[in-house]
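Please keep the structure open beside the text.

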Amino acid sequence: MRVGIAGLGTVGRGVVKILETHRDMIAERAGRPIEVVAVSARSRTIDRGISLDPYRWHDNCLDLADAEDIDLVIELIGGSDGIAKELVERAIENGKSVVTANKAMIAHHGVALAERAEAQGVGLKFEAAVAGGIPIIKSVAEGLCANRCEEVYGILNGTCNYILTEMEKTGRDFESVLADAQRLGYAEADPSFDVDGIDTAHKIAILASICFGTRLNFDAVTVSGIRRIAPVDIRYARELGYVIKLLGSATMENGMLDQRVAACMVDRGYSLATVDDAYNAIVFRGDFVEDSFYEGRGAGEGPTASSVVADLIDIARGNITPAFGTPANRLKEVPVAPQDALEASFYVRFYVHDEPGVLASISESLRDEEISIESLIQHGDPEDEQIYVVLTTHETCERRLLRALDKLKGLKSLVEPPLYLRIVSIREDDD
Ligand SMILES: NC(=O)c1ccc[n+]([C@@H]2O[C@H](COP(=O)([O-])OP(=O)(O)OC[C@H]3O[C@@H](n4cnc5c(N)ncnc54)[C@H](OP(=O)(O)O)[C@@H]3O)[C@@H](O)[C@H]2O)c1
């Protein structure tokens, strides 16, 4: 199988290295050799730590889609639109299979691209787009396809998990840990895609489509990130027996799909709570298999390239399955669950002026919405003028909590808007 690679950055370099290192082993496993014929990137002169001499160079990556001696195009440029999408569309139209790691493009255009690929009878695979080195797409689309999925959720962004883990270990605040992560290359110069939850939203939208057989609906994901998590939340989380993690989750209830990205308080006894640093983890709950847990490196040269090459081998073997598990034109349109209908227990943090009556106002507002408080903590020095009041609720509907917090908006004692996080506990039937 003759391939062309567009993009020779972190992932592209890794793909070349694996194909060179394991040339013979891959040929045996794929049933035929996989040969890189041509490559393309922006600059021909950058030292990438690999020799490009054996490969034909194209200044214009679209040439890879047109080249007669290329069977498959690997797109590793990135970006939801623009040249990456143009390249993939052109390759498919020209009857070539495509492998990509581009979660932004798949989240926005994946179904349309899959429809074209399926009409053309070519493969479109994107294992590396979700959770880097964890073969989660193959697992849910193939290994778990006998199940009706009830829920899928996990830690899908290594940068956020690294930042939260560092905040937990060192007690430092978000901004200073982020600055370090940028210096170390764990976070981009513009970190918003990661820390504001958009990258996780891309991945959970892709997973939801595969798990539930539904048309990918990225716009319906409710997204928030980790910027508001403060050292005080980390301390209270520890005191209450939780760890804060940014989770992407998708649930199907009453025929409605709920997709969300939010920082959550995860029970310390839960396997997800021990997934630290840049690692990713995913829980798939199916009606027959029950809970299935996956953990591994979610990004980086080796892990991401490992998934790209696995896709290549699959296609070389002739394993051209529908990109989303279900044929793209049979993916179902389903209603979106109301954003505030979630039933859960919550952690709520208030920052208030230490004045008489504050606690009474907070508990009154919650009582009016029939929310019962499970625990209430208020530490502080009698000298402090402003203090944190933290409480956890018993299970309630998010809508009720939002109404209660809304009523407190006018409270003069509030220094800043309250922060609330969903609590994710081990289910009673889990151990
Ligand atoms: N990095 C990860 O850990 C990771 C994990 C999962 C998924 N992904 C996805 O994998 C894709 C690639 O990520 P990456 O980290 O490898 O990105 P990267 O290091 O920024 O590399 C991007 C590559 O694309 C090339 N490029 C840019 N514009 C081009 C154009 N018009 N024509 C041809 N080549 C062009 C660049 O060329 P120059 O080198 O000459 O500038 C560079 O080699 C993205 O979709 C990303 O979301 C990455």
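Contact, as the word is used here, means heavy atoms within 4.5 Å.

## About the model

This is a predicted model, in which local features need pLDDT of at least 70 and side-chain atom pairs count only at pLDDT 80 or more, while totals for chains, interfaces and linings use all residues. Residues are numbered from 1 along each chain as its sequence is written, and side-chain values use heavy atoms, with hydrogens and water left out.

Let us begin with S97, which is found in strand β5. Helices (H or I, at least four residues) and strands (E, at least two) are DSSP runs, numbered from the N terminus. With a relative accessible area of 8%, S97 is buried. Buried stands for under 20% relative accessible area, exposed for over 50%, and partly exposed for values in between, using a 1.4 Å probe and protein chains only.

Which residues is S97 in contact with, leaving aside its neighbours within four places in sequence? They are D71, L72, V73, V122, G123, I315 and I320.

## Helix α4

Helix α4 covers residues 82–93, 12 residues in total. From its first C-alpha to its last, α4 reaches 17 Å, close to the 16 Å expected at 1.5 Å a residue; the expected span is 1.5 Å times one less than the number of residues. Just after α4, G95 takes a positive phi of about 80 degrees.

The buried residues of α4 are A84, K85, L87, V88, E89, A91 and I92. An α-helix has 3.6 residues a turn, so residues three or four places apart point the same way. What do the buried residues of α4 pack against? Their partners are β1 (2–6), α3 (62–66), β4 (72–75), β5 (97–100) and α5 (103–120). One member of the buried set, E89, has a relative accessible area of 18%. Beyond its neighbours within four places in sequence, E89 is in contact with L113 and R116.

## The open parallel sheet

Six strands make an open sheet, in the order β3-β2-β1-β4-β5-β6, with parallel pairing. At the edges stand β3 (56–57) and β6 (124–125), each with a single partner strand, so one side of each is left without a neighbour in the sheet. Two strands count as paired if DSSP finds at least two bridges between them.

Strand β1 has 4 of its 5 residues buried, so it is largely enclosed by the rest of the structure. On one pairing, β1 runs parallel to β2 (residues 35–40) over 5 bridges, and I5 stands opposite V39. On another, β1 runs parallel to β4 over 4 bridges, with A6 opposite E75. Further along, 2 bridges join β2 to β3, and A38 stands opposite R56.

## Antiparallel partners of β7

Strand β7 (residues 149–155) is largely enclosed by the rest of the structure, because 6 of its 7 residues are buried. It pairs in the antiparallel sense with β11 (residues 279–286) over 6 bridges and with β9 (residues 242–253) over 4 bridges. Y153 is a handy landmark here: its bridge partner in β11 is V283, and in β9 it stands opposite S249.

## The ligand site

How many residues surround the ligand? There are 23, and the closest are L8, V11, S43, R48 and G300; a residue is near a molecule if one of its heavy atoms lies within 4 Å of it. Taken alone the ligand exposes 910 Å², and the protein buries 77% of that. Those areas come from the Shrake-Rupley method with a 1.4 Å probe; for residues, only the protein chains shown count as cover.
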